Amino acid sequence: MAIEQCRDVENGGTISLEDLEQPFIKQEKKIVGNYEDGSTGSIGMVLLSTGVAVCGSFEFGSCVGYSAPTQSAIREDLNLSLAQFSMFGSILTIGAMLGAITSGRITDFLGRKGAMRMSATFCITGWLAIYFSEGALSLDIGRFLTGYGIGVFSYVVPIFIAEIAPKNLRGGLTTLNQLMIVTGASVSFVIGTIISWRTLAMTGILPCIVLLVGLWFVPESPRWLAKVGHEKEFQVALQRLRGKYADISDETAEIKEYILTLQSLPKSRVLDLFQSKYIRSVIIGVGLMVFQQFGGINGIGFYASQTFEEAGISSKIGTIAYACVQVPITVVGAMLIDKSGRRPLIMVSATGTFLGCFLAGISFFLKEYGLLLDWVPTIAVSGVLIYIAFFSIGMGAVPWVIMSEIFPIHVKGAAGSLVVLVNWLGAWGVSYTYNFLMSWSSYRTYYMYSGFSLLTIFFVAKLVPETKGKTLEEIQACINSDRREQDILN
């Protein structure tokens, strides 16, 4: 699952539209203090700080990818039933849901670095519990703790990067969050086919150790320091990030003015979202998350090795191929999102996930009825790889980008909480029921997932506006207008 959150860098809402519309790679001429002239300023500390932070993203991916290559070994070593392993796989999402819900307050209270330290501690404790497990209970406790840790990571990492990066680098640097999540999952998939499940659990600790050590050498977010009134530390942190001799006076004034503006806005609650002027945005945001999850991504991803085995192919070959597809396709998707637009990309992605699930369903149908058995493994692996490729190019990240753009700034915090809650609940439901559905009927399960992908296409075509290249005001006008006005804007 791709679960990158785009929240506001000051008060737990979402990042501004201008920030999210930065292209993946952007070249601009530079001026002093803002990296817009080539003579002054340094991005070294920004790159170091980003590199340290995305260790949390890599940890996120490591946790998500852990269950796929280890399912058979854990069940055999600890004599777990299908229900017990399904709980182990899915309880990660329950912990992550709680972590995501509480992440805003934790990050504001402890600071961005403090929240990352706390998350790393939870993950290390969880991995140790899994390593020393002799039964289902300790496995579940460990998995829950790692889930809570990555739930906080999923919020604080993109927020920290967005707050420290200059505008002309922010788009590319924040994209690294999603890329490292996918990379972490892919690495777990690959090395999990080589080493034991206990050893794989210990490798999950390594990104946390690198993160904890690295945090000693990077500054705290200047925006958070300004928000909590640490004026001197704010100036020092911003100077470290922009370079010793950079002029930061303009950026300092902008940050202070923005914080004052945000603090003057009315506070919002989740119930406020159900007013008539916000209800369409809620339907779009929640609907996209429902379709993202019920397309089956967490079931297919969490238990990929078992799926390949049931299709009659080597789980090692299948999971390695799965991992190799994810990373490059995610890079392609990141580069396309500001060129092709949100709607075309997500509709093409959903079309591909429909095709992938449908092919996988056909393979299981042929296997169940003893037809074309020589073709079953090829069709199955092709279907799963097509599915993950097209999911990675759009359905993974684009719903989060759209969600961050369709809500007015003063309700983005509440909207983000609601959407995250729906997303993680869907992730838990799919990951927990996947094995049971596969036991009931493999091909019907994949046909059901393909049906949700098909519904996604109609949902986006009917309700979701194109947000690429539009200001926040234009997006709001598009959402709240009648069908004729929406067609003109699109």
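Arg444 sits in helix 20, which covers residues 442-463. The model described here is predicted. The chain has 22 helices and zero strands, and buried residues account for 59% of its 490 residues. Of the contacts with a separation of 6 or more, 81% join residues 24 or more positions apart.

**Arg444**

- Arg444 is partly exposed, and its relative accessible area is 39%.
- Phe358 lies 86 residues away from Arg444 along the chain, yet the C-alpha atoms of these two residues are separated by 9.7 Å.

**Nonpolar cores**

- The largest nonpolar core contains 113 residues, and the members that touch the most other members are Tyr66, Ile74, Met116, Ile300 and Tyr322.
- Helix 4 (residues 82-131) is the element that gives the most to this core, contributing 15 residues.
- In soluble globular proteins, nonpolar side chains tend to be buried together.
- Which residues does Ile74 contact, leaving aside its neighbours within four places in sequence? The partners are Tyr66, Asn79, Leu80, Phe85, Phe88, Leu139 and Trp197.

**Second largest cavity**

- The structure contains three cavities of 30 Å³ or more.
- The second largest cavity holds about 50 Å³ of space.
- Its lining is made up of Phe291, Gln292, Gly295, Ala350, Thr353, Tyr387, Phe391, Met395, Ser453 and Thr456.
- Helix 12 (276-294), helix 16 (342-368), helix 17 (376-395) and helix 20 each give two or more residues to this lining.
- Helix 17 supplies the largest share of the lining, three residues.
- How do the lining residues of the second largest cavity divide into nonpolar, polar and charged? Five are nonpolar, five are polar and none is charged.
- Helix 20, one of the elements in this lining, is also the helix that holds Arg444.

**Cysteines**

- The structure has zero disulfides.
- Cys55 is buried, with a relative accessible area of 15%.

**Loop residues with positive phi**

- Asn79 is a residue other than glycine with a positive phi, near 55°.
- Asn79 belongs to the loop between helix 3 (67-78) and helix 4.
- Is Asn79 buried or exposed? Asn79 is exposed, because its relative accessible area of 66% is over the 50% cut-off.
- Leu372 is exposed, with a relative accessible area of 55%.

Methods:
Residues numbered from 1 in each chain as written. Predicted model: local features only at pLDDT ≥ 70, side-chain atom pairs only at ≥ 80, totals over all residues. Heavy atoms only, no water. Helix = DSSP H or I, 4+ residues; strand = E, 2+ residues; numbered from the N terminus. Buried < 20%, exposed > 50% of the residue type's maximum accessible area, 1.4 Å probe, protein only. Core = buried A, V, L, I, M, F, W, Y, C linked by side-chain atoms within 4.5 Å. Contact = heavy atoms within 4.5 Å. 1 Å grid on protein atoms, 1.4 Å probe; cavity = no way out; pocket = protein on both sides within 12 Å on 5 of 7 lines; lining within 4 Å. Points joined across faces, edges and corners; volume = space filled by probe spheres on them. Nonpolar A, V, L, I, M, F, W, Y, C, P; charged D, E, K, R; others polar. Disulfide = S-S within 2.5 Å.
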